[in-house]
Structure formats: structure tokens, C-alpha cells
Amino acid sequence: MVFDLFNTLTVPIDRSAYHASLVEMARAVGAVPETFIQGWTDDWRERFGGAYSTTQACVRGACEAIGTPADELAIDEAAQIRVDFARRTLEPRADAVATLAKVRSLRLRTALISDCSPDVPLLWPTTPFAPEIEEPLFSCDEGLIKPEPALYLKACERLGVDPDACVYVGDGGNGELSGAARVGMRAILIRTPASSDAYDSERATWPGEAIDALSQLPDLITRAGVAAAD
């Protein structure tokens, strides 16, 4: 089984807290908040796609994009603000860790595909998800962003299964469900509030299978006879 991370395993991201963290970052580097936020937003593909190897590099890139010089101490401060915010966004859904453990108990291998910036793989080992996910793939490390087919195929390869023997679960951001289906995976939407943060969300238009809680997954997949790992 392959899981999305944000809004799937985690509680929905608080948009007001996200905005406040960017304002705080802007002030740390001496930028006009609105200008910094626009630069940060416009730079998302670079952050997620592997152009920057560290959170400091992400901040530096945003500053360069808007023409705001910042010294290394200011960049470090802004990067720490970002990491602290990212840590808060990794709060698990109430049923997430127990569901992952149940999936593992069914002898199903687990992977993760997350479109994210370097703060997430930095924090990943400290999360309660890490022991339950055998193969985490982060877009910033892989140089691929959903719904690029190669990213899904990498996850299947690392799990040692063909796509048609693999389930993908996500909230529909970035066209991820259609992307999974196109490579032959069984794609399942986890419903989230319409206000939840997601790029190019499919949550309102997805015609396939859907669940309201992660705890519904074990029964759903065992009824369908998903193959267990050797």
C-alpha cells in the first residue's frame, strides 16, 4: 500500500497558521510579507522538485526570487521557523498510526509518496509514521512530483510489486489519484474538508472508491483480496 502524507495521514493543514508562518519568515529575512509569500508560493515546484537540498536553500531561493538580500543568520532563523511549522503539520490523524500498524499486520508492505520540501524528510524519522512506512519517497529527494508516473513506479519497484498489486490512498491533491490509476494502481480517495489545503485537488470530482476514515482501509482491502507480501 502506498500512502500520501499531508491531509491523508496527517490532520488537515491550518491555512491561517501556514500564512502566519510565512509572515514570520518574511520578517526574519527583512522582506515585505506579501512579496515574500508570493515568491515562496511561486517557487513551490523548485522546492518540491529537488532544486534545493536544505530548508535554508529554499529560503535563500525565495529571497533571491524577490530581490531581497538576507544574511545567513536571517536565513537560518527563517528556516527554523519553517521547520517548526512543518513539525506541527505532521500531527497524525487520530486513526493513522493504528491503521498503518493494522496494514502491516496483514503482511502488506507500505510506502509513502509525499510532494514536499526538505523540511519533511529532515523531520520524518521523528514522526510516529516512520516505523510503519517501509519505503518513504519524498519528491524533493526523488526529483519527481505527483502525478509523474515515474514516482509511482519507483514506489512499486521499492515495494517489489507490480502497480496492479498496489493500492494508493490520498486526499486527491496534485491529481495524485488519477496519476496512480494511470500506472495501474488501485486509487482510493480519503475524503477531507473542502477547506483543506491541496494543490489541484480531485476531492470533489474523483469518481472512484472513497473512504471517510483511514480505519476503513483494512476491511476494504482484505475484501478485495490485495496480495500480501512474501
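# Close-up views of a predicted model

View 1. A disulfide is a covalent bond between the sulfur atoms of two cysteines; here a disulfide is counted when a pair of cysteine sulfur atoms lies within 2.5 Å. Cysteine 156 is buried, at 2% relative accessibility. Buried means under 20% relative accessible area, exposed means over 50%, and partly exposed is in between, with a 1.4 Å probe and protein chains only. This is a predicted model, in which local features need pLDDT of at least 70 and side-chain atom pairs count only at pLDDT 80 or more, while totals for chains, interfaces and linings use all residues. Residues are numbered from 1 along each chain as its sequence is written, and side-chain values use heavy atoms, with hydrogens and water left out.

View 2. Cysteine 58 is buried, with 1% relative accessibility. The structure as a whole holds 0 disulfides.

View 3. Helices (H or I, at least four residues) and strands (E, at least two) are DSSP runs, numbered from the N terminus. Two strands pair if DSSP finds at least two bridges between them. β1 and β4 are parallel and share 2 bridges; phenylalanine 3 has valine 169 of β4 as its bridge partner. β4 also runs parallel to β5 (residues 186–190), joined by 4 bridges, and tyrosine 168 is bridged to alanine 187 in β5. Val167 and Val169 point one way from β4, Tyr168 and Gly170 point the other way, and all are buried.

View 4. Most residues other than glycine have a negative phi, and most peptide bonds are trans. Asparagine 7, in the loop between β1 (2–3) and α1 (15–29), has a positive phi of about 70°. Asparagine 7 is buried, at 1% relative accessible area. Asparagine 174 has a phi near 60° and sits in the loop between β4 (167–170) and α10 (176–182). Asparagine 174 is also buried, at 8% relative accessibility.

View 5. The bond from lysine 146 to proline 147 is cis, with omega near 10°. Proline 147 lies in the loop between α8 (139–142) and α9 (149–159).
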